[in-house]
Every structure is written in C-alpha cells, then in structure tokens.
Amino acid sequence: MHKAKTSNIKIVLIGAGSLFFGRQFIKNIIKSEVFHGGTLCLVDIDGKVLEKMTRLAKMAVREAGISLKIESSMDRRAVLEGADFVVACFAKDSIYYRGMECNVSAKYGVRMSSGDSAGPGGIFRALRELPTLLSCADDTLELCPDAWFINLTNPLAVNGLALRMFKPELKSISLSNGPQMPNIKKHYLKNAQIIESEADYTPEHDEKFEMKIVGVNKFSWILEAKYDGRDIIEDIAESVKLKAVEELDALEEDINTSSVNVIAYDIYRAFGYLPLYAETSKEYMVYWQGKNVSKELIPEIKLWNIGNRYDRLNEMWKEIDGYLEGKKPIDEFLNDEKPLSAVKIIESLITGKKSRFYINTFSSGVVDNMTPDTYLEILCEVGKDSIKPLHLGEIPRSIKGLIEIIADMHEITAEAVYNEDINLLRRAMILDPLICSMSDADAILNELLEIEKHEISSSFFQ
C-alpha cells in the first residue's frame with residue numbers, strides 16, 4: 001500500500017455490526033489514503049458483535065500497514081464529539097420483523113419481496129428505526145454540529161426525508177449503494193450491445209454515455225440514455241424484450257425462472273420509460289400482487305424469505321470468525337472489497353475533488369414540474385463540503401404521478417412517526433399503492449402494531 005498523507009478525519013459508524021454494510025465500510029476506509037492518520041469509531045448496541053468488528057478492523061489495519069486509529073463504544077455519545085462524519089446503518093431485529101411484516105401483509109393480499117422500503121413493511125420499519133435515527137441526529141447536533149450525517153438505514157427515503165424535515169440544521173443525506181455510476185452505465189451499455197461484457201467498459205465509454213435517472217429510492221426511472229449523442233433507449237428496451245421472451249418461454253413450460261425482464265418490458269410498454277431496477281420497482285406497483293382475474297404467466301411476487309436471509313447472515317459471521325481465529329488470511333478480507341459510494345462521497349467532501357452521485361435529498365428546484373421539497377433520488381455534484389443537486393428538467397407525466405403518490409406516502413409516514421399520530425399512520429397505509437382495501441389496511445395495521453408493540457412508542461396505542 002502506498003504511503004499516504006496523514007489526516008485527522010474522524011468518522012463514527014453507528015451500526016458497525018451491520019454485516020451487509022459495516023464490514024465493507026471498514027475495508028473501504030482502510031483502503032482509502034484520504035483517511036490514513038484519522039480515526040474510525042465503531043458503535044453498536046450489541047457488545048459481542050461490536051467486539052468482533054473492532055478486532056477485525058484492528059487486524060485489517062495492521063495487515064494494511066497504515067495509520068488509522070480504531071475506537072469502539074456501545075454508547076454513541078461517548079465518541080461523537082469531534083466527529084467530521086457520522087454514518088448510520090443500523091437495524092434492530094430486522095430479519096425477524098421484516099418476515100412478520102411480509103407474512104401478515106400477505107394474509108390480506110399485499111405481497112412484498114423485500115419489505116424494507118415499500119408497502120406496510122416500509123411503513124413499520126420507519127416506525128421502528130426512525131425514532132432512533134432522529135435521536136442520533138440530536139446527539140450529532142449537540143456533540144458535533146458541523147459533521148455530515150450520512151444515513152444508510154432503511155427505509156432510506158422516509159428516514160432521509162424526516163431528517164431534512166425535522167432536523168433542518170443537520171447536514172444530512174440518505175444514500176443507497178445501488179444506483180451509482182459507473183455500474184449502471186456498464187450494465188446498460190452491455191444491454192445495448194455496445195460492449196460485450198462489463199469488463200470492456202473504459203473511461204471513453206463513460207465520457208460518451210449520458211443518462212438521466214430520477215425517482216424515489218428503489219423506484220427510479222431512466223428518462224434518457226444517449227451514447228455518443230445517439231438515443232439508445234430503444235436498443236436497451238429491445239435487449240430487455242429478448243430476455244423477456246426467454247423468461248416467458250420458460251414460464252410457459254412451468255420452469256422456475258425470474259420474470260424481472262418481463263416485468264421491466266411490461267412497464268416500458270405501459271408507461272414509455274424503463275424502470276432502473278424492475279426487481280425493486282415491482283414492489284411499488286400493484287400489478288404483480290396476484291389479484292388479476294384473467295390468466296397471466298407472470299407469477300405473483302414471491303414473499304421475502306426470512307430463512308434465506310438468516311442463512312446468509314450466518315455464513316457472513318462464519319467468515320468473520322474465520323478471520324478472527326486465523327483460519328482465513330486477513331489479506332483476503334481486505335482484497336474482497338466492494339466500492340461504497342458513501343466512502344467516495346466522504347472523500348469528495350474532504351478533498352474537494354468534484355464527483356457525481358445519486359443521492360436522496362430535496363429536489364431543490366432542479367425538477368421543473370415538482371415542488372422543491374420533493375424528496376427524490378437525484379444526481380448531485382459533490383465537492384468540498386458541498387452537495388448540489390443538478391438540473392434535470394421535467395419528469396414525464398406518465399410517471400410523475402406514480403412518483404408523487406409514493407413521495408406523498410413517504411412524507412405522511414415521516415410525519416406520523418415524528419408526531420406519534422395513529423391517524424396519520426393509517427393515512428399513510430391507505431395511500432400506499434399496494435393497499436386495495438381500507439379494511440385490509442386497518443387489519444394489517446392492528447396486527448403489526450400488536451406484534452411490534454415493544455419496539456414502537458406507546459403513543460400509538462392510546
């Protein structure tokens with residue numbers, strides 16, 4: 001590893017035991033010279049998990065041969081003072097509750113494949129996680145008021161919006177690692193058959209390829225895709241269509257297969273624009289809930305599988321234990337790195353090197369036909385201590401309404417949690433696009449409130 005200039009940057013990671021993000025965040029920080037000489041503080045309320053992640057981080061720092069101080073605490077307030085960046089990525093008993101939310105909702109005809117952002121699952125996750133997130137924001141404003149607060153805790157849109165609405169003095173953004181460049185460009189250039197494989201992607205391709213993408217988190221749309229000045233949307237759509245035909249052929253033969261391209265192409269035909277990720281967009285739309293009367297080959301949405309997630313989590317912990325016990329070489333941990341946009345954004349905020357990322361924030365007037373306080377996932381330019389949304393233009397009418405309904409539901413959910421208002425919570429549930437019956441909404445609401453009563457403010461039960 002190259003010798004780097006030392007810094008005094010201090011980062012606090014709240015939820016360090018989150019294996020789906022925490023371990024990758026640690027690797028990325030260690031591999032970036034920007035943070036050498038600084039401090040990484042790991043926070044988690046689970047002492048056993050925190051001890052493992054702290055040991056792992058210290059082992060990785062020694063292996064890398066760099067100067068990076070690793071601290072840890074079960075009390076975030078003990079380490080927040082002097083922080084430059086606070087990153088929140090926590091989840092308490094998420095697998096269990098997501099499973100319950102998906103199963104209870106399915107009883108009333110609402111099917112969720114992930115259950116952490118859309119539908120009743122997204123609303124109830126906000127009920128469980130947002131109060132803690134707002135408390136973290138209060139502590140940040142008290143102990144390190146100039147710090148940037150970067151949220152990666154789901155539901156991203158609701159949580160991020162609440163931070164901007166109710167803690168406006170906090171420098172906050174919400175961030176997903178999904179819709180980032182150049183990964184998206186690589187995928188769609190391959191779809192358009194301009195490159196044979198993503199490995200063929202070069203800086204020249206990057207410079208020639210322009211995309212416009214907008215939406216709410218996990219429900220974004222491709223408005224424009226031009227390569228060397230030529231519109232390639234039809235090329236991309238044709239590739240999706242060909243894959244959809246293959247999927248339909250398999251479905252006709254009762255072969256268990258994905259239907260994501262069939263769904264993507266159906267959305268394209270109906271609305272005139274491609275979803276960025278049909279796999280997540282389908283959960284914000286009612287069309288694949290299995291309510292159709294006429295025969296359709298596309299199967300209803302598969303419920304989120306709690307067993308698969310527990311298995312995956314256990315495998316991850318086995319891997320971590322392997323490093324800690326010396327059964328696996330620690331250099332494998334460092335080399336198995338997945339670049340994180342959160343770390344890249346922090347680098348740009350520190351160094352001033354301008355870069356562009358899709359960030360969840362207020363649209364701030366860059367979308368001509370939406371109010372400036374609409375909370376969207378939009379392209380922003382990041383520079384020295386600044387994040388600026390870039391002008392987009394208008395969102396086409398055929399998808400604008402779809403986005404606005406979800407954005408409104410997110411806002412009402414945030415207000416319901418913040419004000420501890422059961423009537424607003426019911427309104428958010430009824431407004432959700434997956435809900436087709438007010439009585440079903442009430443039944444889901446009441447059952448999940450009873451199941452999660454120990455995690456939710458008592459005000460909702462008065």
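Q: At what angle do α5 and α15 pack?
A: This is a predicted model. In it, helix α5 (residues 119–143) packs on helix α15 (residues 397–419) at an angle of about 55°, and their axes are 9 Å apart.

Q: How are they oriented to each other, then?
A: An angle between 35 and 65 degrees counts as oblique, so α5 and α15 are oblique to each other. The crossing of α5 past α15 is right-handed.

Q: Which residues make the contact?
A: From α5, Ile123, Ala126, Leu127, Leu130, Pro131 and Leu134. From α15, Met409, Thr413, Ala414, Val417 and Tyr418.

Q: How does that contact divide by class?
A: For α5 with α15 there are 10 nonpolar residues, 1 polar and no charged.

Q: And α4 with α17, what angle there?
A: About 155°, with the axes 10 Å apart; α4 covers residues 94–107 and α17 covers residues 438–451. Angles over 145 degrees count as roughly antiparallel, so that is how α4 runs relative to α17. α4 also passes α17 in a right-handed crossing.

Q: Which side chains are we talking about, residue by residue?
A: The residues in contact are Tyr96, Tyr97, Met100, Glu101, Val104, Ser105 and Lys107 in α4, and Ile444, Glu447, Leu448 and Ile451 in α17. By class, that contact of α4 with α17 has 7 nonpolar, 1 polar and 3 charged residues.

Q: Switching to α6. How many of its residues are buried?
A: 9 of the 11 residues in helix α6 (residues 156–166), so α6 is largely enclosed by the rest of the structure. The buried ones are Leu156, Ala157, Val158, Asn159, Gly160, Leu161, Ala162, Leu163 and Phe166.

Q: Last topic, cysteines. How many disulfides are there?
A: The search of the whole structure finds 0. Cys89, for one, is in no disulfide, and the nearest cysteine sulfur, in Cys136, is 11 Å away.

Q: Is Cys89 buried or exposed?
A: Cys89 has 5% relative accessibility, so it counts as buried.

Conventions: Residues are numbered from 1 along each chain as its sequence is written. This is a predicted model: local features need pLDDT of at least 70, side-chain atom pairs count only at pLDDT 80 or more; totals for chains, interfaces and linings use all residues. Side-chain values use heavy atoms; hydrogens and water are left out. Axes are lines fitted to C-alpha atoms, for helices over the stretch in contact, and angles run from 0 to 180 degrees between N-to-C directions. Helices (H or I, at least four residues) and strands (E, at least two) are DSSP runs, numbered from the N terminus. Angles under 35 degrees count as roughly parallel, over 145 as roughly antiparallel, 65 to 115 as roughly perpendicular and the rest as oblique. A crossing is left-handed if the near helix is turned anticlockwise from the far one by less than a right angle, and right-handed if clockwise. Contact means heavy atoms within 4.5 Å. Ala, Val, Leu, Ile, Met, Phe, Trp, Tyr, Cys and Pro count as nonpolar, Asp, Glu, Lys and Arg as charged, and the others, Gly among them, as polar. Buried means under 20% relative accessible area, exposed over 50%, partly exposed in between (1.4 Å probe, protein chains only). A disulfide is a pair of cysteine sulfur atoms within 2.5 Å.
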